[in-house]
Amino acid sequence: MGLFRSRAFSSGNAANFFMVASLYGAVFFMAQFLQTAKGYGPLGAGLRLMPWTATLFVVAPIAGSLVSRIGERPLITAGLLLQGGGLAWIASIAGPHMAYSSLVPPLMLAGCGVSMAMPASQNVVMNAVGPDAIGKASGTFNMVRQLGGVFGIAILVAVFTGGGGYASAQAFTDGFTPALGVSAALSLAGAVAGATLPGRRRATEMAPARAIPQAEGGRP
């Protein structure tokens with residue numbers, strides 16, 4: 001527990017928790033929305049989620065290369081804001097009679113956001129500890145990820161159950177819309193946690209001070 005005294009470690013794990021809670025909850029319901037409300041089969045629903053998931057293969061490597069240049073805080077904060085914005089966009093337009101094409105832009109927006117935040121959150125947690133604590137930090141990071149996923153799905157299911165059901169496409173949408181709104185709010189909470197990360201230190205601040213060479217007799 002002493003690792004949580006580090007602001008970078010605590011904030012990074014908090015951002016990771018809310019990021020995964022938002023993501024897993026949204027994934028859980030998006031596939032059902034495409035099948036229950038839109039009438040696609042399992043394979044068709046999976047293929048139509050590609051604009052969301054395929055962004056990981058393009059954006060994540062770019063974001064990983066940018067971490068050393070701009071630091072983790074802007075990537076996590078901006079990424080989770082994008083994910084929250086994309087999910088809120090979907091919640092605002094979701095309906096049984098909507099065209100699938102209208103889902104593509106917000107899915108891509110949300111996918112690009114989480115693809116930015118994911119490698120940065122792992123990087124900040126691992127770099128917040130010394131080499132002797134890497135195993136503990138990795139275990140904690142993965143535990144927080146699992147807890148976040150369970151928490152997000154549980155919260156969204158509770159919200160969905162309060163307003164919707166599976167009796168019809170409209171009944172499902174009635175529960176799906178507020179549930180995805182909560183998912184967007186969880187992502188925004190992760191962005192707030194990311195904004196509390198320490199700023200990136202300049203190379204000149206990180207370099208150790210060098211002693212002034214002294215000549216014999218103690219004079220410079």
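Q: How are helix 5 and helix 8 placed relative to each other, and what makes them roughly antiparallel?
A: In this predicted model, helix 5 (residues 72–93) and helix 8 (residues 169–195) pack at an angle of about 170°, with their axes 8 Å apart. Axes are lines fitted to C-alpha atoms, for helices over the stretch in contact, and angles run from 0 to 180 degrees between N-to-C directions. Angles under 35 degrees count as roughly parallel, over 145 as roughly antiparallel, 65 to 115 as roughly perpendicular and the rest as oblique. Helix 5 is therefore roughly antiparallel to helix 8. Helices (H or I, at least four residues) are DSSP runs, numbered from the N terminus.

Q: What is the hand of the crossing of helix 5 and helix 8?
A: The crossing is left-handed, a term used if the near helix is turned anticlockwise from the far one by less than a right angle, with clockwise giving right-handed.

Q: Which residues of helix 5 and helix 8 meet, and how do they divide by class?
A: Among those in helix 5 are Arg-73, Leu-80 and Leu-87, and helix 8 contributes residues including Phe-176, Leu-180 and Leu-188; contact means heavy atoms within 4.5 Å. By class, this contact of helix 5 with helix 8 has 13 nonpolar, nine polar and one charged residues. Ala, Val, Leu, Ile, Met, Phe, Trp, Tyr, Cys and Pro count as nonpolar, Asp, Glu, Lys and Arg as charged, and the others, Gly among them, as polar.

Q: Why is helix 5 called roughly antiparallel to helix 6?
A: Helix 5 and helix 6 (residues 104–126) pack at about 150°, with their axes 7 Å apart. That angle makes helix 5 roughly antiparallel to helix 6. Helix 5 passes helix 6 in a left-handed crossing.

Q: What is the relation of helix 1 to helix 8?
A: The axes of helix 1 (residues 7–37) and helix 8 come within 8 Å and cross at roughly 165°. The two helices are therefore roughly antiparallel to each other. Their contact divides into 16 nonpolar, nine polar and no charged residues.

Q: Why is the aromatic pair of Phe-160 and Phe-172 called tilted?
A: The structure holds 11 aromatic pairs. Phe-160 and Phe-172 form one that is 5.0 Å centre to centre, with 55° between the planes. Rings of Phe, Tyr and Trp (its six-membered ring) pair if their centres lie within 6.5 Å; planes under 30 degrees apart count as stacked, over 60 as edge-to-face and the rest as tilted. Phe-160 lies in helix 7 (residues 134–163) and Phe-172 in helix 8, so the pair ties together parts that are 12 residues apart in sequence.

Q: What is the confidence in the model?
A: The chain averages a pLDDT (the predictor's confidence in each residue, from 0 to 100) of 87, and 90% of the residues score at least 70. Over residues 201–220, pLDDT stays under 50.

How values were computed
Residues numbered from 1 in each chain as written. Predicted model: local features only at pLDDT ≥ 70, side-chain atom pairs only at ≥ 80, totals over all residues. Heavy atoms only, no water.
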